[in-house]
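User: I'd like to learn how to read a model like this one. Could you walk me through it, feature by feature?

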Amino acid sequence: MKKTLTNREKEKLSRILQLDSEIIEKLSEHDILDTSSCRAVIIRSEYQEIKKQGLHHGGHIARALADAYGLSLSAIELIIYKKEANKKFACTCCGNPVSKYKFTRYGGLCDHCLVKRINVE
């Protein structure tokens, strides 16, 4: 099941992007909006707004956002600080991007280079 934005999130996104809520609604209806990217924009904006008030520390704000959005604290921190979840690896043979799993599983090779090394008679 594909997650969709709630009405509350659409309103917040409309306010942040300074777009009419009807436009956001139409984009959402046609599945043009990337839900996870939209939520990330909303979470970053809320974090900045609360932080500007100066009443709470960053860690407390992150925990409150994690509870509010049903995400883990680490997921919220990845969003707030714009970090990537997994570091990117490159194939040792051709230099193409490889996932960490494939890099460790196949000795640093991508699928294409691994297939080239198989001798078929």
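This is a predicted model: local features need pLDDT of at least 70, side-chain atom pairs count only at pLDDT 80 or more; totals for chains, interfaces and linings use all residues.

User: Which elements does the protein chain have, and in what order do they run from the N terminus?

Analyst: Helices (H or I, at least four residues) and strands (E, at least two) are DSSP runs, numbered from the N terminus. Here you get seven helices and two strands, in the order α-α-α-α-α-β-β-α-α.

User: How does the radius of gyration of the protein chain compare with the globule rule?

Analyst: The radius is taken over C-alpha atoms, and the rule is 2.2 Å times the number of residues to the power 0.38. For these 121 residues the rule gives 14 Å, but the chain comes out at 20 Å, well over that, so it is more spread out than a compact globule. Its C-alpha atoms fill a box of roughly 65 × 40 × 25 Å along the principal axes.

User: What share of the residues counts as buried?

Analyst: Buried means under 20% relative accessible area, exposed over 50%, and partly exposed in between (1.4 Å probe, protein chains only). In this chain, 27% of the 121 residues are buried.

User: Which residues touch the most other members of the largest nonpolar core?

Analyst: In soluble globular proteins, nonpolar side chains tend to be buried together. A nonpolar core here is a set of buried Ala, Val, Leu, Ile, Met, Phe, Trp, Tyr and Cys residues joined through side-chain atoms within 4.5 Å. The largest one has 17 residues, and Leu 13, Leu 33, Ile 43, Leu 65, Ile 76 and Ile 80 touch the most other members. Helices α3 (35-53), α4 (58-69) and α5 (73-80) each supply at least two residues of this core. There's also a second, separate core of five residues, including Cys 91 and Val 98.

User: Is Ser 14 buried or exposed?

Analyst: Ser 14, in helix α1 (residues 7-17), counts as buried because its relative accessibility is 10%. Beyond four places in sequence, Ser 14 touches Leu 19, Asp 20, Ser 21 and Ile 24 (contact means heavy atoms within 4.5 Å).

User: And what is Leu 114 in contact with?

Analyst: Leu 114 sits in helix α7 (residues 111-116) and is partly exposed, at 28% relative accessibility. Leaving aside neighbours within four places in sequence, Leu 114 contacts Tyr 106 and Leu 109.

Conventions
Residues are numbered from 1 along each chain as its sequence is written. Side-chain values use heavy atoms; hydrogens and water are left out.
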